[in-house]
Structures are given as structure tokens and as C-alpha cells.
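Please read this briefing alongside the sequence and the coordinates.

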Amino acid sequence: MKIVVVESPAKAKTINKYLGEDYFVLASFGHVRDLPAKNGSVRPDEDFAMSWEVGSRSAKHLKAIADATKGATELILATDPDREGEAISWHLIEALKKRRALKKDVPVSRVVFNAITRSAVTTAMQNPRQLDMELVEAYLARRALDYLVGFTLSPVLWRKLPGSRSAGRVQSVALRLICSRELEIEKFKSDEYWSVAAKAKVGSHQLFDTRLVELGGKKLTKLALPDEASAKAARQAVEASDFTISSVEAKPTKRHPSPPFITSTLQQEASRKLGFAASQTMRAAQRLYEGINIGGETVGLITYMRTDSVQMAPEGVSEARDIIAKRFGSEYVPEKPRYYKSKAKNAQEAHEAIRPTSFFRHPDSLRLDGDEKKLYWLIWNRAVSSQMQSARQERTTIELNNGSATLRAVGTVTLFDGFLVLYQEGKDDRENETDSQLPKVSVGEAAAISNIETDQHFTQPPPRFTEASLVKEMENLGIGRPSTYASILQVLQDRDYVTLDKKRFIPDDKGRVVVAFLENFFARYVQYDFTAELEQQLDAVAEGKLNWKKLLSDFWKDFSAAIDDIADLRVTHVLDALDEALEPHLFPHEAGAPDPRKCPSCDDGRLGLKLSRYGAFIGCSKYPDCKFTKPLTPNGDGDATAVKDETLGTDPKSGLEVYLKTGRFGPYVQLGDEDKPKRGSIPKSWSPDQVDLEQALKLLSLPRDVGVHPEDGKMITAAIGRYGPYVHHEKTYANLPAIEDVFEIGLNRAVDMIADKRAKKGGRAGAKVLKELGDHPTSGKTMQVLDGRYGAYIKHEKTNATLPRGTDPVSVTVEQAVEWVDAKAAKGKKKKPAKKKAAPKKKPATKKKATTKKKPAAKKKS
């Protein structure tokens, strides 16, 4: 029997059908070994020896592979066609040798296929090769680097910066990008400028828009009209005399299609067009790659989704051109096929671009749902459009002059839409574009000017990064690998280093302090060029041009020295350095303004950076006499100015003063000055400086009793929690759409919302099917994700496996389902322990009279 090992159980079943009875296909379920998360897993003093450990989840999968391999005539490793896939194959060989499951006379080969189709798999099996050890060594070097940075630098952070979580080789550089952009925004000084626009009409033609571009023979720059007075003077010059057409220029232009997707561009476009997070995109792409059942056979719908290549296979190009001719006409097919070259740094172009495995599988012909359907549409459109004819356009510029002022109109006319009929690439931050159609006019014709308007503008700071723009920036700088971007962005959020607000990354206090620490004490290791150069060296290892242990040795020599240099520094020294480094951000000096470090609460205290286990904040040097604190960035809006503490008035019920204050976690209101006064955080949607006594009393009244539930007589309450406003009854929490609803919601609506929430959770009458997962690879029986009374679960025959807490039911993969179902089934098969025989009853002892009184319990100290 020939044993074939793939990564995914879904692929295992499909490929086994392709290969027939002479083959037995098993799944490794991803990596089978990893470096233990403890010191000593990578040992630089022992020539970078590495200790590998089989994870508890992987042990049973590895045992199944080992048991099958013992009687095998051949072992074929068919893990994914990338560096990670090559590494998994290497790990499997090493683990099987260690278990003595792999006989010396059993041939071992490696096969790779870029799509899960019968033809792709069959062709791969006919072209086996040996393991690519250069790729494996590049993996070992990368893994060792990540371990050495993470397990050496993170403990330094914990000791020197209480409240920080971790640092990483690429993670910290990505965090620096976000923090640097935020600093740019905070330093940005907005400039006022004005513009003059007008409507123009020539003869019987339609009106068209123009703008003032020249005044008194001088071209107007963006900031040429700095105030209203200059704008009015310019307007008067436009009104002074009649205009004639001074020039008409029409330039033919072409717009060419974008290449088919690679990993990073797929993540970027899915973020722009579909609003997907990078991790969400990769999950959906994985499911499309593993495929769906078509005509009784599971077929992968797209090629492998972790790739840097923009090239399509010749058969893919040919198919795309055929489908273009059939659906759009021969005029949309270019004379020659299009071939693309990657512009990204460190691109690995060994594989194909991401494309449909068959262009004849139109999205409308497939039974896809949710994320998979949206993403397949995107991939199909992009791949087809990449082989379409260019769009032909004409860009027309008309200038009008009256002797002292020049107006200009610009318009673009599409003469032939070409690929635009199907696809147009999205943009992260759109600029003003003019696609208006202009009339056919001639030089010398008179033009009537009307609707002259002056508009005030202000220059804008650079925008915060979206997931798409951050991925693009990392790719342009050559930082990290596209396959790791999704996990890096998720780690930054999980560590509370950044917040994703309105699809834009905002650095949190912890993140900013960590970056300041690294820039001051480990500057080289967060430099963009250094990180990109390290990626180039890793690529050189993969190409066989550099010894992987020399790379590690050179890196470790300097890095360990940097760690030793900071070992003796005290936390106070580090804090002083960070306080100085962050001063322009925390305490910006402005001419004529009071000293920004002067404490607003006491007379002679100085404000400075402080640390707690919750992160960094600003506090007074006179602590504990003065307890003034404020966060670095209240409300996450980048404004470093704190709300000044003030008294809002007196509570008419209690007679206590109501205060507006700012703490390390943001602004809040407080009732009275007792030891434990009642407080209420100000919602992020409220502006602290607009909060009055009435609003403060509303916040302090929470939680609010809405009324008694008519079914059980128990109270329904309304409050504001960590995730926003809600109503609560027993164990049910229902979110409210707006903060104001907390104070206004009535009993009837609250009861309805509670009922709706409970209905969504499922009831006894029968669970709602949330997702069809397909067949279990062992039993062949169907698996489903159901919405039960106590939450979502997976059903397979008689086994019900509850989803782990926090798991999105719609995102559950087949591999996860198989693992959880099998674990639950195995748990249920364990025999119940036999009942112990009851011990013989002892005769009751004769009670003795107590001779001493029981000591009273010690009083608790308050």
C-alpha cells in the first residue's frame, strides 16, 4: 500500500478518490511538531540545536501515520506547496524515523500540486521529487529567529515595562509602522486654504465645472489662497471680464488591468471591497481551495492561496481568454496573452497566482454561501479581467481665460471599457477624481461663467492604516511574508497594542510605550531596512546561496550583546528615557502656552510618564499627595489633552457634588468624595467637554431598572458595559443600538429584545443549521454546525461537540470539526469507573461533653 500524507482531512478524502485503492491518504492536520514554548528550545551555544515537541493534538494524527507507514511500500508526502508544507514534510520524516516507523527500504518522495483537481493531483503524482532541504533550512532559520527574538526580548519587556505583553521580529516592526503614522497625525499642523470654482457654458452645450488655476499670470499652488480675503479678491478677478476658450487638449490614454491575485493583494482587495479582515479572507480562501462537491466529486475551486506569483499557468490563461470571448465578445480579448511580473520585494514566484481552477465554473453556477461566495466572485472577476483588453479613454483639458484669470476643466471619457466592464481595483484613500464628460468646444469660443463659489479647506493629516494599506506598506517595504500578515495583525490586537476602530488601526498606550522602548534600546531591530534585509537573507538560504547557521550566528552575536547592554538598567532609568522620548507627543510645547508638564491639580507637581501593570499613563510627581492621572490618548482619538477636572453641580437627591474627572482609563463622572464613590465612565460617542450635570446624573443612575418581566416577575435592567449598551434579564444580555436607548427603553421593547435574543440562541423545538460542513473523512457521514439552546455545536451521527468559547460558528473548518467531534466521541467511550464497595459502618463514638468554649473567629481587618 502506498501511503500519501496531506495536511487537511478534507483533502485526504478527495485525493483518495482521485488515486484509487492502491493508495491510502492520511492527514497530518497541519504541523506535527513545534518548538516548546520554554527556554532552551533553541540553543545558540550548541550550534543552534533545536528541540522539537509533538503537540498533544498532533500525537494521535502522527500515530495514525506511523501505524500506516509500518506496512507501506512507499511514502508520498503531499503537504502544501510552500515553505511551511516543505517543513511539515521534513518534520514527518524526522518524527517517523524517531519512532522507527519508517523502514530504510521504503522509498520516500515529495509531490506538490497547486490545485485540488483530478488532473493536477494525477500530474503531480507522475512527477515526484526529493525533499527541498534548502527550503527546509530557510524555515528552520526563520523559526529560530522568531523564537530567539520572542523568548529573549519578551522577558526583557516584562521586567523593564510592567504591563507589556510580548515582542516579535516582524510584529514589533508592524507596530512601529502604526505608531509612527499616529505620531505623524499628532504632529500635523493643518493649514487653511481656499479655492474658487465656477460653472461654464459654451453655446448650446451643457454646463461644466471649472476651477481657478492661474491668477495674474501666476499658477496657483494648493495653498496660494490662504484666507477668505484672498479668495474674494480672486473671485472678483473671475467676475471682472468675459472668458473665452484659450486651449483644448485631448490625450488618448489606456488603463491596463491588474494582475491576478497573490496572497497580499487578495487580502487588500477583500478588505477594501468586502470589508474582510485578513484572517477572515484566508479562512474563506482555504475552504475554496479544499473545494465543494460537484457531481459526486469534491473539487477545489481555486489554486493555492499562499503565493507570491502573479503568473497563471498556460492552460489557465487559455481558458480565461475563451471565457472572455464567449461572455464579452472577441473585441475584449487582447491579441496576445498577458504576462505579469511581480513588483513586490522578496517575491517567491515558484507557484501560480490565485485563480479559479476552472474559469468555466462561473460563480452563479456554484452553490456557495457567505464569505466563500463573495470571495470566489472577487477571485473569478480579478483573474478573468487580468486577461482582458485594456480600457481606452480620452482625457480632455479645457482652459478658459479672461486676461487676468484662468479656469480649467478636466474630464475623462471612456471610449472602450475593456476590462472595466468586469473589474476595477479598489483604493484605500480616494482623492478627488474627475470623470465628468466635457463638451466638444473650440479655441476662441466665448464662455459664459456662472455660480462662482469660494470654498474653505484645510489640509488633512495622513490617514491611519487600514488592514489593506498596512499589508500593502509591509509588502512594499519587504517586511515579513504575505502568508504571515493575517496572524501578525491579529496578534497586535490580541496583545492590546492596537485597536481597530472604523477599520483603521489606532495604537493603544501599551503599544506606543513598547515601540518607544524598542526604538530607544533596540533601534536596529525595528528598522524597516534591517527587517527587510533579514528577509532577503532568508530568501538567500532558500535559494542555497547562504548557510542558515551563519545567518543565525551573525544575528545572535549582535542581538545578544544588545540584550546584555540593557540587563543592568533599572526600571526608573528606562522610564526616564521613555518619558524624554515621548515628550513631544505627551507634553508638546507651544509658544505662549503654559508649561505642559505643570500639574493642573496641585501647585508644584510635575507630570511625567508612569507605569502600572495595566499599562502606561501620565501622573503627578507629588503622588501620593496628589493623585492626578490621565491616559496617554483618551478615547483613542489621538488627542493627548486631558479633560480638566471640574464640578458639574449638586445631585438634588443626595446633596453630593457631581464631578467630571479623567483617570488612566479615560474620562468619567463621580458622585461625592467618599472612600468608594459611585462612578460612571463617559461613553466614547460622547464628547467629555459637552457632558453636563443632567447627563452625568443619567450615567450615575445606571444600571437602570426597566421593569418587571411579565413571565417570571424578575427585573429587567439596562446598562452600559464593555461592549456597549444592553438590557439584561436573568442570564440573557441583548445589545442596544444606541447609548440613549439605555435611558429611554420601555418594558415592552425590552421584553421583545430579550425574547429575540433567546430565540436566536436556539430552543428545544429543533436546532437551526448554521453551516453544512460536508462528510466526516472516516465515517462518511455528514457534519453540521447547529445553533442549540446552549450555543453552537457540531453534530455528527450521535455525537454533539460544543464549539470552544469565542469560536465563530460560520468560520468552523472541516479539520476543526473532525478534531472536536473525534475528541468528544473518544471521551464518551471511556468506561465509567467501577463503584467502590462501601466501607463497613463504624459504631458511632460516644459524644463527650465539651469542656472548652469555641473560640470566636478573628475579626477581619478593614
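The points below are grouped by topic, with the cut-offs for each term given where the term is used.

This is a predicted model, in which local features need pLDDT of at least 70 and side-chain atom pairs count only at pLDDT 80 or more, while totals for chains, interfaces and linings use all residues. Residues are numbered from 1 along each chain as its sequence is written, and side-chain values use heavy atoms, with hydrogens and water left out.

**Overall make-up**

- The secondary structure of the protein comes to 22 helices and 34 strands, where helices (H or I, at least four residues) and strands (E, at least two) are DSSP runs numbered from the N terminus.
- Of the 862 residues in the protein, 47% are buried (buried means under 20% relative accessible area, exposed over 50%, and partly exposed in between, with a 1.4 Å probe and protein chains only).
- The protein exposes about 46400 Å², of which carbon and sulfur atoms supply 49%; accessible areas come from the Shrake-Rupley method with a 1.4 Å probe, and for residues only the protein chains shown count as cover.
- Among contacts between residues at least 6 apart in sequence, 65% join residues at least 24 apart, contact meaning heavy atoms within 4.5 Å.

- Four strands form an open sheet with parallel pairing in the order E2-E1-E7-E8, where two strands pair if DSSP finds at least two bridges between them.
- Within the parallel sheet, strand E1 (residues 2-6) and strand E7 (residues 74-77) pair over four bridges, and the bridge partner of lysine 2 in E7 is glutamate 74.
- Another open sheet of four strands has antiparallel pairing and the order E27-E28-E29-E30; its edge strands, each pairing on one side only, are E27 (704-708) and E30 (732-735), and the twist averages 25° from one strand to the next.
- In the antiparallel sheet, E27 and strand E28 (residues 715-721) pair over four bridges, with methionine 715 in E28 as the bridge partner of valine 708.

**Packing of H8 against H13**

- Helix H8 (residues 263-274) and helix H13 (residues 482-494) pack at an angle of about 45°, with their axes 7 Å apart; axes are lines fitted to C-alpha atoms, for helices over the stretch in contact, and angles run from 0 to 180 degrees between N-to-C directions.
- H8 and H13 are therefore oblique to each other, given that angles under 35 degrees count as roughly parallel, over 145 as roughly antiparallel, 65 to 115 as roughly perpendicular and the rest as oblique.
- From H8, Thr263, Ser264 and Gln267 meet Pro482, Ser483, Tyr485 and Ala486 in H13.

**Two arginines in helices**

- Arginine 142 is found in helix H5 (residues 133-160) and, at 12% relative accessibility, counts as buried.
- Not counting residues up to four places away in sequence, arginine 142 touches Arg83, Arg169, Arg481, Glu535 and Leu538.
- Arginine 235 has its place in helix H7 (residues 228-240) and is partly exposed, with a relative accessible area of 30%.
- Leaving aside neighbours within four places in sequence, arginine 235 is in contact with Ile452 and Thr454; arginine 235 and alanine 197 are 38 residues apart in sequence and 8.9 Å apart in space, C-alpha to C-alpha.
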